[in-house]
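Colleague: I have a model open and would like to go through it with you. Shall we take it question by question?

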Amino acid sequence: MKTFIIQSIRLTLVLTVVLCVIYPLSIMLIGKASKGAGNGETITVNGKVVGYANIGQSFTKPQYFWGRPSAVAYNAAGSAGSNKGPSNPEYLKDVNSRIDTLLKYHPYLKRSDIPSDLVTASGSGLDPDISPDAARVQVERVAKYRKLDEQKVAALLTNNTEKPLWGVFGPSKVNVLKLNIALDQLK
Amino acid sequence: MNTELLGIIASFVVTLLIAIPLGKYLAKMYAGEKIWTDFLKPIETGIYKLSGINPKEPMNWKQFLKAMMTINILWLVYGFFVLIYQDKLPLNPDGNPGQSADLAFNTIISFVVNCNLQHYSGETGATYLTQHFIFMFLHFTSAATGMACAVAVFKAFKDKTTTDLGNFWEFFVKSITRVLLPLSIVVAVILTFNGTPSSYAGKDKFISLQGDTVNVSRGPAAAFIAIKHVGTNGGGWFGANSAHPLENPNYLTNMVEVIAQVILPVAMVLAFGYYIRRKKLAWIIFGVMTIGVFMLMIPTITSELAGNPLIAKMGVSQITGAMEGKEVRFGPTATAYWSTMTTVISTGSVNGMHDSTMALTGLWQLLAMMINSLYGGCGVGVLNYFIYLIIAVFISGLMVGRTPEFLGHKVEAREVKIAAIITLLSPFLILAGTAISTYVFTNHLGGDWAVKPSTWLNNPGHHGFSEMLYEYTSSNANNGSGFEGLGDGNIFWNVTTGIVLILGRFLPIIGPVAIAGLLAQKKYIPESAGTLKIDTKTFGLMTFAVILVLNALSYFPALALGPLAEYFSMLK
């Protein structure tokens with residue numbers, strides 16, 4: 001028994017060096033060669049960091065495309081979904097009021113035009129993307145508030161729609177932050 | 001064909017393409033045969049020397065389990081104190097506080113037992129020191145513990161009669177140096193080049209496009225997330241686990257992570273067959289498991305793609321499926337696939353919130369964890385399945401009126417008793433836990449014993465019941481996923497699930513190793529015409545029936561009260 005205890009302590013120490021020091025430090029060094037040098041990939045506009053490529057942010061102004069509802073208000077110090085069950089009456093009320101808000105800002109839409117990702121909260125609360133449908137329904141509103149040609153905004157959206165991985169795996173999507181930056185640069 | 005469906009088909013195919021050769025590799029490597037990774041031998045020799053270990057020393061089943069328990073208890077004690085004092089220790093750039101005693105109790109148990117229930121949130125409840133030196137360390141060692149114990153069972157059936165189950169330290173160290181660490185390095189590099197942070201920089205702050213000030217949690221996450229999947233641990237760096245856009249940045253990383261968590265459980269099953277030179281047996285077991293997995297996966301995918309019927313009533317389009325708690329970059333198909341994989345094996349990482357999945361999806365998730373051996377955890381999946389095999393052999397023996405035999409050894413009262421206790425343990429822990437929590441919830445929530453918020457359920461009605469059932473099921477299965485709406489960061493949940501975790505881990509490891517040890521000591525009886533052959537389709541079907549009947553009998557009432565009742569109430 002006593003030998004087992006001593007062996008356990010020594011093995012724990014040795015493995016700590018291998019697994020908790022050497023391993024993560026080597027990954028950190030390799031990561032230096034990646035985009036963002038392992039600190040997370042940021043997006044810079046006019047020399048200022050305006051966000052992280054992979055982290056969604058809150059857009060509430062009508063001249064921007066909006067992202068999905070978030071349970072943490074896009075505060076990336078934390079992360080969480082709503083964890084509301086599918087039959088929760090309070091939750092269903094929330095969804096319904098989100099639909100009403102959307103219809104108010106997009107009077108040209110029917111209920112059946114609204115894709116559900118625009119009225120449901122994401123898993124992380126930081127979802128950077130929306131579905132191409134969810135972006136398409138916002139084009140008319142954005143064009144109106146920016147006094148831009150609708151065709152031009154629609155074309156911008158097409159350019160900013162990301163295809164599935166290698167064209168074959170997974171869904172198409174639109175990164176809301178990148179789309180809005182492109183929109184700001186449109187003159 | 002639709003690209004979301006193609007994505008999961010590719011994920012499954014690649015899993016098999018990696019797992020099959022990996023299974024052969026594991027069998028050779030554990031048997032000590034010549035293999036291409038022998039260049040790592042000097043490193044292992046160094047580890048043994050520094051630790052004062054002789055890897056060639058044979059152990060009987062009792063010594064093997066003693067060594068295993070000694071080092072696990074050491075980690076429990078040491079980790080507990082580090083978690084409590086983490087605020088005073090270095091590598092805490094975000095200034096996070098120490099954990100309370102009950103939270104540390106729960107956290108350390110859940111990491112030692114390969115569960116990772118995580119009643120804290122990674123961004124605020126842990127420091128870089130505890131994330132790496134405790135959690136990531138245990139990601140490796142808890143997986144290696146499970147694998148080493150599975151190999152002891154393999155060894156018991158390789159030789160005709162033996163008391164030697166191999167050396168725990170050797171199997172344990174080789175699991176890390178030859179399997180877990182190399183695989184983790186590959187996964188970690190892929191992750192970091194796809195946007196997962198790997199540096200030690202703390203929180204960042206910036207002004208968003210719209211002018212809001214935003215903080216972003218970061219940290220050396222890539223190394224951690226890699227082993228979290230390879231070792232079927234599941235405890236995430238960030239609170240939202242693999243739904244977090246830094247923990248799982250795109251569809252490629254999603255595929256890598258979901259493949260990484262399934263390859264070892266599948267490979268261990270195949271390794272069993274190659275190791276004891278009964279390939280057919282391994283393929284029959286693999287077949288039974290795979291049929292079970294698909295029976296859970298297909299209805300999960302259809303239920304998620306159909307969307308929420310109550311939202312459909314509001315008239316919006318659910319063309320992509322149910323989106324609450326899911327991320328657009330993965331979509332419901334890949335999220336449903338992941339949810340099946342993470343519950344059949346014991347990972348418990350999530351790329352979408354299980355609490356918000358459809359009622360029937362919840363049913364399949366729960367059932368997957370209750371069975372807990374369709375592939376199952378890294379190493380422990382085989383051990384759990386082994387118990388079902390013993391029960392199936394016993395029942396078959398009774399049916400034909402002969403003394404049951406397993407791979408040439410008589411299965412007698414003692415072994416069957418152990419198997420029966422292990423089988424009964426799961427429903428006991430899950431159902432008793434749920435019963436107690438339901439009673440406390442309805443009768444004592446006014447009590448002043450630190451329940452915050454004032455109610456721990458995030459959802460009313462049947463779904464609330466499911467939240468509690470899920471928490472104990474996940475604890476017993478050492479899974480670690482949750483219906484995370486449950487307010488579980490308080491003393492009641494920390495203590496009760498802590499107890500379920502520790503019993504649900506070590507007894508189902510000790511039981512199979514003990515049975516294997518006892519069987520291996522017995523005289524070997526050569527196969528004859530009267531032997532019950534266990535590597536046949538008929539016996540595979542028999543095992544499947546045993547799994548189905550045992551679990552249906554144990555859990556149907558509880559499942560009827562939770563997810564089934566919710567499903568029917570939504571049809572109204």
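**Domains, fold and contacts**

Modeller: This is a predicted model. Chain A is divided into domain 1 (1-39) and domain 2 (54-185).

Colleague: How far apart do the C-alpha centres of domain 1 and domain 2 of chain A lie?

Modeller: Domain 1 covers 1-39 and domain 2 covers 54-185 in chain A. Between their C-alpha centres the distance is 41 Å.

Colleague: What radius of gyration does chain B have, and what would a compact globule have?

Modeller: The C-alpha atoms of chain B fill a box of roughly 75 × 60 × 55 Å along the principal axes. For 572 residues, a compact globule would be near 25 Å, and chain B agrees with that because its radius of gyration is 23 Å.

Colleague: What percentage of the residues of chain B count as buried?

Modeller: Chain B has 18 helices and 4 strands. Of its 572 residues, the share that counts as buried is 61%.

Colleague: How many residues of chain A are in contact with chain B?

Modeller: On the chain B side that touches chain A, there are 49 nonpolar, 35 polar and 13 charged residues. The contact involves 97 residues of chain B, and from chain A, 87.

Colleague: Which residues does I390(B) touch, leaving out those up to four places away in sequence?

Modeller: The largest nonpolar core holds 230 residues, and I390(B) is one of those that touch the most other members. With residues up to four places away left out, I390(B) touches F406(B), V411(B), E415(B), V416(B), A419(B) and I515(B).

How values were computed:
Residues numbered from 1 in each chain as written. Chains lettered and ligands numbered in written order. Predicted model: local features only at pLDDT ≥ 70, side-chain atom pairs only at ≥ 80, totals over all residues. Core = buried A, V, L, I, M, F, W, Y, C linked by C-beta atoms within 7 Å. Buried ≥ 20, exposed ≤ 12 C-beta atoms within 10 Å, placed from the backbone. Contact = placed C-beta atoms within 7 Å. Domains from an automatic or database assignment. Nonpolar A, V, L, I, M, F, W, Y, C, P; charged D, E, K, R; others polar. Helix = DSSP H or I, 4+ residues; strand = E, 2+ residues; numbered from the N terminus. Rg over C-alpha atoms; globule rule 2.2 N^0.38 Å.
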